[in-house]
Amino acid sequence: MDKKNIRVFFEKKDRAIYISHLDLLRTMQRALKRSGLPVWYSEGFNPRIYLNFPLALSLGTEGVREPMDMAIVEDVSFEEITEGLNSACPEGIRIVSAAYPVHPNKDIGFAEYETLFSGNTEALKAAVSGYISRESIKVMKHSKKKGMIEVDIKPHVNILSVSECENGIKVTLRLPAGNELNLNCAVFTESFLEYCNSCEVVAELCCAKRTNILCADGTSFE
Amino acid sequence: MENLREKIEKLLLKVKSPSRYIGGELNSVVKDKSKVDVRFAFCFPDAYDVGMSHIGMKILYSLKNARENWWCERVFAPWTDFEELMRENHIPLYGLESLDPIKDFDFIGFTVQYELCYTNILNMLDLAGLNVLAAERNENDPVVIAGGPCVCNPEPLCDFIDLFVIGEGEEVNIELMELYEEMKKSGEYTKKAFLLRAAGIKGIYVPSLYNVSYLEDGRIEKVVPVCDGVPEKVTKRIIKDLDKVFYPESFVVPFSEIVHDRAVVEVLRGCIRGCRFCQAGFIYRPFREKSTGTIVNEAKALCESTGYEELSLASLSTSDHSDIEEMLTEMTGYTEGERVNLALPSMRIDRFNKNLMEQLSKVRKSGLTFAPEAGTQRLRDVINKNIDEEEIMSACRTAFEGGYAGVKLYFMMGLPTETDEDIMGIADLAKRIADLYFNMKNRPRGQKLSISISCATFVPKPFTPFQFEPQISIDEINRRQKLLLDSTKGKRYINVSYHNFRISILEAALAKGDRRLGAVIKRAWERGCKFDGWDEMYRYDQWVNAFADTETDIDFYSHRAMEYDEVAPWDHLDYMIDKSFFVRENKKAKEGKVTKSCREACSGCGVNKASGRECFG
Ligand code: SF4
């Protein structure tokens with residue numbers, strides 16, 4: 001059988017959120033190795049299990065449905081892949097599904113996040129309104145070519161909902177993702193906390209979670 | 001109340017490589033606290049990246065956890081960024097498996113692999129919320145123990161540690177913990193009573209049960225037990241049958257990259273060579289091997305349970321395994337099929353023949369390292385590094401023919417009897433290797449020759465024939481380093497690097513130190529010294545101050561020659577080798593006479609008699 005590309009979706013939470021992107025690659029390669037699945041190795045002098053993450057997840061952010069691409073060289077069912085890999089994954093990482101990839105990586109356009117902030121609910125809600133209704137939201141961003149640069153993220157931050165929750169608020173939002181323009185969730189959470197600080201609202205980030213990855217046309221990345 | 005885990009997690013995103021501080025790695029052992037009788041905090045007094053690479057820790061971790069009602073956890077020295085946050089937020093040092101403070105454990109055990117981690121031991125005890133001084137800790141505090149190669153001279157650590165485990169730990173650790181469990185259950189336990197009974201176990205040294213007296217000139221007069229039932233000499237433990245000893249079937253697999261991130265099988269213990277500077281070569285005697293079958297089985301089990309892509313066959317001298325070729329053939333048969341890289345550290349230059357070379361290069365091409373240790377044959381004879389120039393050249397030729405264009409050579413500077421000729425000999429050797437390369441018709445094409453010379457400073461160590469030797473002075477080290485640089489000038493393919501010799505001086509003092517150095521170590525730690533083995537962290541000035549504060553003369557320890565009949569600080573510990581053998585070897589060294597390897601002829605070190613087993617046959 002020729003090699004077949006497979007895309008699995010996995011969850012990354014609890015202590016696994018402290019695994020960096022680079023370390024995740026090794027972690028998953030080893031999990032695949034332990035699983036005994038018939039995976040495809042890259043060619044060359046030092047063959048490695050082929051793996052690719054269409055969109056990196058930053059350290060500290062939870063992932064609910066993160067894609068990972070791999071390839072197999074023998075016929076195995078999607079269930080076997082899911083179960084095999086799950087039996088070999090460390091705590092906090094769980095495969096939710098496996099399928100043939102539908103979209104190429106370049107189709108990725110957005111990602112959706114859920115963030116929880118603790119503090120006074122009313123004050124926090126007001127802070128979100130204040131934060132987003134400003135003329136511009138300037139943040140410092142690292143650029144590969146120019147080093148640290150100031151950018152306005154206002155046109156890109158799309159707040160989807162603000163709701164109350166235990167000890168604070170839950171904010172869901174959509175940010176651009178992919179090759180063209182990629183904004184980390186931390187760009188939002190940090191600038192929001194900074195804003196809170198400037199208007200003396202006590203706030204603390206409790207959790208940041210990527211809930212989905214979308215194509216540029218708004219459909220789910222599959 | 002906020003639990004410890006929450007407190008830790010709040011800080012993790014502020015530090016480098018946070019996955020080191022939160023546990024949850026694959027194969028880490030988590031137990032139900034309510035069903036556990038003895039809790040053991042296995043501490044490696046250095047960073048996670050270093051400690052997690054250490055094989056001894058993996059063995060004892062799995063061994064102890066094999067008992068259902070014992071729980072052994074891992075603890076490492078937090079790097080300075082996290083330590084600062086821990087102190088600021090009142091987070092005590094905790095075990096990575098339970099995230100519970102180790103202050104509440106039954107045992108805190110340190111493995112002491114090198115002298116330069118001593119201040120980290122104090123720092124970890126302090127971070128745990130314990131007094132660093134054993135005498136100041138109270139009844140309910142854990143029993144603090146230490147083992148590992150450095151405790152062959154544990155004297156500088158006596159102020160801080162309740163008891164030392166001398167020699168190989170697999171059996172004695174179990175006996176010690178069993179005694180503890182028994183005494184706790186029967187209600188006989190008091191720390192004092194436990195220590196006294198532990199001192200009766202072979203291989204356990206309880207320093208508080210010995211008195212040291214000194215001569216007027218500062219040397220030791222004698223070391224005597226304070227009461228009956230305490231042995232005059234503590235004899236190290238060894239495992240008689242290495243082929244049957246416990247070996248873990250799985251390793252904890254870290255998320256972040258560590259120094260040696262791979263599966264490791266220990267293939268043999270001890271060494272048949274008698275390099276006169278090498279402490280490991282003597283304290284791990286006698287030579288014992290695992291059989292090829294055992295090695296291959298252990299390797300397979302580990303690769304399967306970890307998913308590692310690299311396997312290392314570790315020992316002091318892997319190529320001395322009597323069945324090495326067969327073993328490699330079987331091993332590569334497995335690893336190639338599984339696409340696992342096979343790493344063979346500790347290959348002897350004189351065993352580096354074509355056959356081994358082929359086995360190696362089948363798997364991976366990486367740089368080659370050799371350790372001639374000295375630049376001239378005369379000096380190599382003095383240190384008993386039984387390699388001659390022809391062997392070095394032929395190994396290099398094999399390497400070049402095999403497509404390698406780089407060799408890395410390790411040397412030591414300041415060896416006993418060393419002269420300027422020996423230093424220049426290092427440069428000459430490098431040049432002759434270069435000549436060999438340039439004259440070879442079939443040398444690797446398209447690659448530039450590179451000969452790296454890495455120079456360490458000789459450190460005299462206890463339980464070696466050179467234990468009597470002084471270290472050379474700083475000025476002299478400086479002069480010899482410059483001499484080597486001058487003699488390699490203009491050769492662009494030669495690249496010389498040095499270890500920080502200011503670290504070596506401290507290493508010598510701590511290695512040969514006595515109980516009085518405890519005050520110096522404590523003072524240095526109070527002055528902020530930690531991670532002394534890390535170049536960027538080492539603070540020589542603070543150590544100098546610590547010696548001055550305590551009115552201790554570092555030269556007395558590092559730069560003074562010891563008499564053969566002088567009482568050494570470690571003489572009440574018995575590593576099964578007769579002191580008369582070390583004296584004999586020291587005299588032979590001075591005469592430039594070599595001693596054969598144990599496989600060729602027994603030179604009567606005494607370990608066969610002491611261990612009650614013949615070394616070979
Ligand atoms: S007793 Fe003889 S063979 Fe055995 S280690 Fe000592 S010198 Fe070597």
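Leu99(B) counts as buried, with a relative accessibility of 7%; here buried means under 20% relative accessible area, exposed over 50%, and partly exposed in between, with a 1.4 Å probe and the protein chains only. The model is a predicted one, in which local features need pLDDT of at least 70 and side-chain atom pairs count only at pLDDT 80 or more, while totals for chains, interfaces and linings use all residues. Residues are numbered from 1 along each chain as its sequence is written, chains are lettered from A and ligands numbered from 1 in the order in which they are written, and side-chain values use heavy atoms, with hydrogens and water left out.

Leu99(B) sits in the loop between H4 and strand S3 (107–111) of chain B; helices (H or I, at least four residues) and strands (E, at least two) are DSSP runs numbered from the N terminus. Its phi is near 60°, a positive value in a residue other than glycine. A positive phi of about 65° is also found at Asn167(A), again not a glycine. Asn167(A) belongs to the loop between strand S7 (158–165) and strand S8 (168–176) of chain A, and it is exposed, with a relative accessible area of 54%. As background, most residues other than glycine have a negative phi, and most peptide bonds are trans. A cis peptide bond, with omega about 0°, joins Arg285(B) and Pro286(B). Pro286(B) is placed in the loop between helix H8 (279–283) and strand S12 (288–289) of chain B.

Turning to chain B as a whole, its secondary structure comes to 21 helices and 19 strands. The radius of gyration of chain B is 24 Å, close to the 25 Å that the globule rule gives for 617 residues, so the chain is as compact as a globular protein of that length. The radius is taken over C-alpha atoms, and the globule rule is 2.2 Å times the number of residues to the power 0.38. Along the principal axes, the C-alpha atoms of chain B fill a box of roughly 75 × 65 × 55 Å. Of the 617 residues of this chain, 60% count as buried. Among contacts in chain B (heavy atoms within 4.5 Å) between residues at least 6 apart in sequence, 76% join residues at least 24 apart. The accessible surface of chain B is about 23,900 Å², and 48% of this belongs to carbon and sulfur atoms; such areas come from the Shrake-Rupley method with a 1.4 Å probe, and for residues only the protein chains shown count as cover.

Leaving aside residues up to four places away in sequence, Gly375(B) touches Arg380(B), Phe411(B), Asp422(B), Gly425(B) and Ile426(B). In chain A, helix H2 (residues 78–86) has Ile81(A), Thr82(A), Gly84(A) and Leu85(A) as its buried residues. These pack against strand S1 (4–12), helix H1 (21–35), strand S2 (62–72) and strand S3 (93–99) of chain A.

On a 1 Å grid over the protein atoms alone, a cavity is a set of points where a 1.4 Å probe fits but cannot get out, and a pocket is an open set with protein on both sides within 12 Å along at least five of seven lines; lining residues have an atom within 4 Å of a point. Of the 15 residues lining the largest cavity, Arg20(B), Tyr21(B), Phe76(B), Pro78(B) and Leu96(B) are the closest to its centre. By class, this lining has 13 nonpolar, no polar and two charged residues; Ala, Val, Leu, Ile, Met, Phe, Trp, Tyr, Cys and Pro count as nonpolar, Asp, Glu, Lys and Arg as charged, and the others, Gly among them, as polar.

The second largest pocket has a volume of about 1,100 Å³, where a volume is the space filled by probe spheres set on grid points joined across faces, edges and corners. Its lining has 31 residues, with Leu205(A), Cys206(A), Cys207(A), Glu9(B) and Leu13(B) nearest the centre. S9(A) gives the most to this lining, with six residues.
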